[in-house]
Amino acid sequence: MPSEGIQKHARALELDKILKLLASRTACDDAARIAENLVPSTSPDEVGRLLQETDDAYVMMARFGAPPFGGLTDVTNSLRRAQAGGMLTMAELLRVSGLLRTLRAVVEWRSKSEGVKSCLDDRFSMLMPNQYLENRISQAILSEEEMADGASQALSAIRRKIRNASSKAREVLDRMIRSASYQKYLQDPIVTIRGGRFVVPVRAEYRNEVPGLVHDTSASGSTLFVEPLSAVELNNQVRVLQSEEKKEIERILSELSAEAGGFADTILRGYHTAVELNVIFAKADLAYRMKATMPKVNDRGRIVLKKARHPLINPKAVVPTDIELGIRFDTLVITGPNTGGKTVSLKTVGLLTLMAMCGLMIPTAEDSEISVFQQVLADIGDEQSIEQSLSTFSAHMTNIIQIMKRAGPGSLILLDELGAGTDPVEGAALAEAILEALRAKGARIAATTHYAELKAYALQTRGVENASCEFNVETLRPTYRLLIGVPGRSNAFAISLRLGMENPVVERAKDLVSQENTRFEDVVQTLESSRQKLEGEREEARQARVRAEEMRRQAEEKLEQVQKEADGELEKAREKAAQLVARTRAQADSILNELEEVKKQRNKALTAEQKARMNAGMRELENGADPVREKGNGDYVLPRPLKAGDAVLIFDLDKKGTVIRPPEGDSGEALIQAGILQTRVPVSNLRLLREKPQRTPVGRVTRNVTSRATAKVTTECDLRGQAADEAVMNLDRFLDSALLSGVDQLTVIHGKGTGTLRAAVQQHLKNHPSVRSYRLGTFGEGESGVTIVELK
């Protein structure tokens, strides 16, 4: 885009106001000047790079705050003069020191965010702090008019001599003003300074009584400021020392200026880089305040703005709108009543496009898309010129003619009130012809109009789409929503009635409107009514979907809760089963002990084979005592039809119940009482339970048995002194107890002796199904007197 085109058309779209807002976010004049003179780029790659820079700055600001650009000052002239050998003033050197301090602060800020990668890192690496020069200047110069004593040893010595000489001069004059012989000649008993020399105020009439040099007189002439001869030499010493001080200060300034000039190129390169970074971070700050996002960029003329807001309208008043252009159609004709928001929509498209092309994020929702155009041309607003004696129509036509000359495939053209200001018939025809000519040049076009002919043109022409700004006739207020695909109505009759126009007048106006135009407006009204009805239904469907999603979520939560409860009940069942097994085992051990005692008394003992068979039976008893079963559906079939009173198992819930009413007809469901609940359950989910008759054991001896379920677990079994059969029986009981307790390794003590007991023990361990391995003990474990057993 040529420079004049940018300025004129960008100003019509109010880009200059956005750039002024951007400039207000910068920290120095140079950055503000760059911001105000930003030019939209026509390169998609460059626009993408600029937007990425802004987005990276936005992310870093959100996490670490804004960089400290506050002390940026342009010292180019001073440094170039120093580079050429000139001497800088203390004020100039202080500004150089302040710039170096700012560059160092920005670099330190970036070092705090090193973990975040950024495309701005190349710029940050160009900032070269010079803390040596910064400290040299700040330590030597206290203010724009004062050099520090420590700037050099020579300056410190000279100032010490000045203080001593001044002190002596004051002492001489202090003795004089305290002397009774001189006090009568003095106007006031004080010591003052005139021309850099210490003097005393002497009355004019006593001039000859105080020998010395007169340096000044009062305004009235009654007082002379006299430097007594006794103080002249001391004052001369002070003046000489002050001259030496001035020369030393100039030497120091020359030295500092030379050092600054030596670093001039590095400092200025860092300054210009910092200014660029300041502009980028100002873009990020503006994006934060506008709640803007980074759009996708293309060069194919595709514009998709989601919930777009005009950035210069109060955020509390602006209504986000969706705008599309260049995908299904290349021309958008926006119609509707005045003050309905047509021009705002037009400006929003153009302004957001130009902002993105300047590297600014735009106030839209995520996933919006902007195209890079070679030129953005706009005819918006009243261009009437009194000086040129041009009417509104003439001014608009002059501007449009220039636009048509420059339009091409890479153009975005925005036309407000196309064809207005002249005869409606001719204006409509001319507007249609202009659109056709611009489309033929391959431009993307958005135009506003009142002409019904253009609405019909958009309906009938491929690639041209109607749009309208929604207007509430009841409240006489626009909603500022852009409705693509729906032609707008002027609503002139309805608005006139709402404002109080007499009904006969409005009806007469309707009669005067052509029948064809009336039918068209009726069609538009029907379309609008249908659209509003569909939007209402869509909103209801959306709310229904939200409710369904909520119900589904609640159902899933309930299912998860039920599953957790089921798992909890299953775990409780396992715990109860384990307790039952432990009690059963303890009772069996007690009974075995009693049987063993009885058999010992009869000199009859169980053989090892008999004991093994008994233990196998006990394990079978344990398995039968475990109420927890793995579920397997299988092809179970009821052995007989169910009848009332049958005990059944609800298979999937693992819950026992009683049949209240068997299935009737083809329902296939029985009424089951499970606890306090009654429920209908499919017959396929029921298992018939067969109750075993209770048998009373004959000759059963009733004894008090102490349970071993809670007995202390031991890992050693001492068999020494026992017969082989007895030892094998006790070993088998010990192994079973260990298995029940979950012990993995055991120690069997059989002693060394003849080896008979050891052989019997190891023979039994060899055939025992629960023994993984065994070995003799090692040194420290009992050696061959013990056997170490590892269980499965």
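Guide: Start with a definition. A crossover is right-handed if, with the strands pointing away from the viewer, the path from the first strand over the helix to the second runs clockwise. Keep in mind that this is a predicted model.

Visitor: Which elements make a right-handed β-α-β unit here?

Guide: Strand E22, helix H21 and strand E23 make that unit. The path from E22 over H21 to E23 is called right-handed because, seen with the strands pointing away, such a path runs clockwise.

Visitor: What makes E22 and E23 a pair?

Guide: Two strands pair if there are at least two bridges between them. E22 (residues 716–718) and E23 are joined by 3 bridges, so they meet that cut-off. They run parallel, and Asp718 stands opposite Ile749 in E23.

Visitor: How do you know whether H21 has the length expected of a helix?

Guide: H21 covers residues 724–741, which is 18 residues. The expected span is 1.5 Å times one less than the number of residues. Just after H21, Gly742 takes a positive phi of about 80°.

Visitor: Which residues of H21 are buried?

Guide: Among them are Val728, Leu731, Phe734 and Leu735, and also Asn730, Asp732 and Arg733. Buried means under 20% relative accessible area.

Visitor: Why is E23 called largely enclosed?

Guide: E23 has 5 residues, 745–749, and 4 of them are buried, so the strand is largely enclosed by the rest of the structure. E23 also pairs with strand E25 (residues 786–791). Those two run antiparallel and are joined by 5 bridges, with Leu746 opposite Val789 in E25.

Visitor: Why is Glu244 called partly exposed?

Guide: Its relative accessibility is 36%. Under 20% would be buried and over 50% exposed, so Glu244 falls in between and counts as partly exposed. Glu244 is found in helix H11 (residues 229–262). Its C-alpha lies 10.0 Å from that of Ile162, which is 82 residues away along the chain.

Visitor: What is the order of the strands in the open sheet?

Guide: The order is E20-E19-E18-E17-E21, with antiparallel pairing. Strands E20 (677–682) and E21 (686–688) stand at the edges because each has a single partner strand, so one side of each is left without a neighbour in the sheet. From one strand to the next, the twist averages 45°.

Visitor: How many bridges join the neighbours in that sheet, for instance E19 and E20?

Guide: E19 (residues 669–674) and E20 pair over 6 bridges, and Gln673 has Gln678 in E20 as its bridge partner. E18 and E19 are joined by 3 bridges, with Thr658 opposite Gln673 in E19. E17 (residues 647–650) and E18 (residues 655–661) pair over 4 bridges, and the partner of Ala647 in E18 is Thr658.

Visitor: What lies between E17 and E18 in their hairpin?

Guide: There are 4 residues between E17 and E18. Asp654, in the turn, has a positive phi of about 55°.

Visitor: How many helices and strands does the chain have?

Guide: There are 22 helices and 25 strands. Of its 792 residues, 42% count as buried.

Methods: Residues are numbered from 1 along each chain as its sequence is written. This is a predicted model: local features need pLDDT of at least 70, side-chain atom pairs count only at pLDDT 80 or more; totals for chains, interfaces and linings use all residues. Side-chain values use heavy atoms; hydrogens and water are left out. Buried means under 20% relative accessible area, exposed over 50%, partly exposed in between (1.4 Å probe, protein chains only). Axes are lines fitted to C-alpha atoms, for helices over the stretch in contact, and angles run from 0 to 180 degrees between N-to-C directions.
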